[in-house]
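Me: I have a structure open and would like to learn how to read it feature by feature. Could you take me through it, general idea before the particular case?
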Amino acid sequence: MDVSFAHFMGQVLTSPPLALTTLLTLGVIFVNGWTDAPNAIATCVTTRCMRVKPAIIMSALLNFLGVLVMTKINASVASTISNMVDFGGNTEAALIALCAALFSIVVYSVGASVFGIPTSESHSLIAGLTGAAIAIQGGLDGVNGEEWIKVIYGLVMSLLFGFAIGWLVCKLVTIVFAKADRRKTDGFFRYAQIFGAAAMSFMHGAQDGQKFIGVLFLGVAFCGGQSSVEGVVIPVWLMMLCSITMGIGTSVGGEPIIKSVGMDMVKLEKYQGFAADLASSLCLLIMTELGIPVSTTHTKTSAIMGVGAVKRLSAINFGVVKDMMLTWVFTFPGCGLISFAMAKLFMFLF
């Protein structure tokens, strides 16, 4: 399988389905960098450790490096996404179905925003791929149960680990610095939190970037007549393309999201912000090493709730928990059904 950039560009120019798949994938990556990446720096900004613009620039750079470096070191998340579903041996139909899956993510996201339903690009992607695979295979034979079960693990583990590690890190910090002068520790935690936000940005790129690299790599394989990418090494140019796109998306902004995550959910002090960033980074690192795709937003918010629980449970806005549950309830069946219908329609039309 030729995975050179020159060959890829030739495929894009001669294959409309691959061109549309590439455009949609890069569009979703851009939106992900725009809407999800600000979560990584939300606590750092709202505790006044950094101003918004420098924090966004830092996050964009670390998102870029996270996608590039971690995919090179361990591409297991990308592999999980690529191998989670089976589109069958007809690679032409598979490429059309993949295109439909990505289009359904856009349709679902727009519809959900109109009705005020919380969304997750990660869960939409998983649901979209699954719906399209079921459509093209005519049943659950299109779903790889061994890989899909990792998604279920990710739903539970990211919340439990995020909350538990957030609580543990924050509790340790309060014990270690219990007798310290707040004025002397303030400066330390300011820089510690900047480090934590940088680590969170890096791991956001590592997790979310790999998901979309896996999808685009699958599209390239289908266009080349290969029904699987198992055993094929992801090329550096693909990592660069996705990481640059995510970095540009992050640089656009996301100040309302920073306010929502960092201020509306729970009021944090600098040491708490550091604990939340460190906890969520550690959780994402563990999930990435295990090859388990998770929602970076949900991981970060659960870590913040764990930190808030150290002070008192009433410090947490449990409306956020409700939003996460609604995301799962609506996204998997909703986006999956739209993707199923779109795949059937696209295969009929093309």
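Me: Let's start with one residue. In which helix is the place of His123?

Reply: His123 sits in helix H7, residues 121–137; helices (H or I, at least four residues) and strands (E, at least two) are DSSP runs, numbered from the N terminus. A word on the source: this is a predicted model, in which local features need pLDDT of at least 70 and side-chain atom pairs count only at pLDDT 80 or more, while totals for chains, interfaces and linings use all residues. Residues are numbered from 1 along each chain as its sequence is written, and side-chain values use heavy atoms, with hydrogens and water left out.

Me: Is His123 buried or exposed?

Reply: The general idea is a set of cut-offs: buried means under 20% relative accessible area, exposed over 50%, and partly exposed in between, with a 1.4 Å probe and protein chains only. His123 has a relative accessible area of 4%, so it is buried.

Me: Which residues does His123 touch?

Reply: Contact means heavy atoms within 4.5 Å. Not counting residues up to four places away in sequence, His123 touches Leu155, Ser295, His298, Thr327, Trp328, Thr331 and Phe332.

Me: How should I read cavities, and how many of 30 Å³ or more does a search of the whole structure find?

Reply: On a 1 Å grid over the protein atoms alone, a cavity is a set of points where a 1.4 Å probe fits but cannot get out; a pocket is an open set with protein on both sides within 12 Å along at least five of seven lines, and lining residues have an atom within 4 Å of a point. Grid points are joined across faces, edges and corners, and a volume is the space filled by probe spheres set on the points. Here the search finds one cavity of 30 Å³ or more. The largest cavity has a volume of about 50 Å³, and His123, Leu155, Ser295, His298 and Trp328 are among the residues that line it. H8 gives the largest share of that lining, five residues.

Me: What is the lining of the largest cavity like by class?

Reply: Ala, Val, Leu, Ile, Met, Phe, Trp, Tyr, Cys and Pro count as nonpolar, Asp, Glu, Lys and Arg as charged, and the others, Gly among them, as polar. The lining of the largest cavity has six nonpolar, five polar and no charged residues.

Me: And the second largest pocket: which residues lie nearest its centre?

Reply: Arg182, Thr185, Phe189, Glu269 and Tyr271 do, out of 14 lining residues. Two or more lining residues come from each of helix H8 (145–176), helix H9 (182–223) and helix H12 (270–289), and H9 gives the most, with four residues. The second largest pocket has a volume of about 260 Å³. Its lining has seven nonpolar, three polar and four charged residues.

Me: How do I read aromatic pairs?

Reply: A pair of aromatic rings is described by the distance of the centres and the angle of the planes. Rings of Phe, Tyr and Trp (its six-membered ring) pair if their centres lie within 6.5 Å; planes under 30 degrees apart count as stacked, over 60 as edge-to-face and the rest as tilted. This structure holds eleven aromatic pairs. One of them, Phe5 with Trp237, is edge-to-face, at 5.4 Å centre to centre and 65° between the planes. That pair links distant parts of the chain, with Phe5 in helix H1 (residues 5–14) and Trp237 in helix H10 (residues 236–252), 232 residues apart. Phe5 is partly exposed at 42% relative accessibility, whereas Trp237 is buried at 16%.

Me: Which residues form one aromatic cluster?

Reply: Phe177, Phe188, Phe189, Tyr271 and Phe274 do.

Me: What does Thr25 touch?

Reply: Thr25, found in H2, has a relative accessible area of 0%. Setting aside residues up to four places away in sequence, Thr25 touches Leu102, Phe212, Val215 and Leu216.
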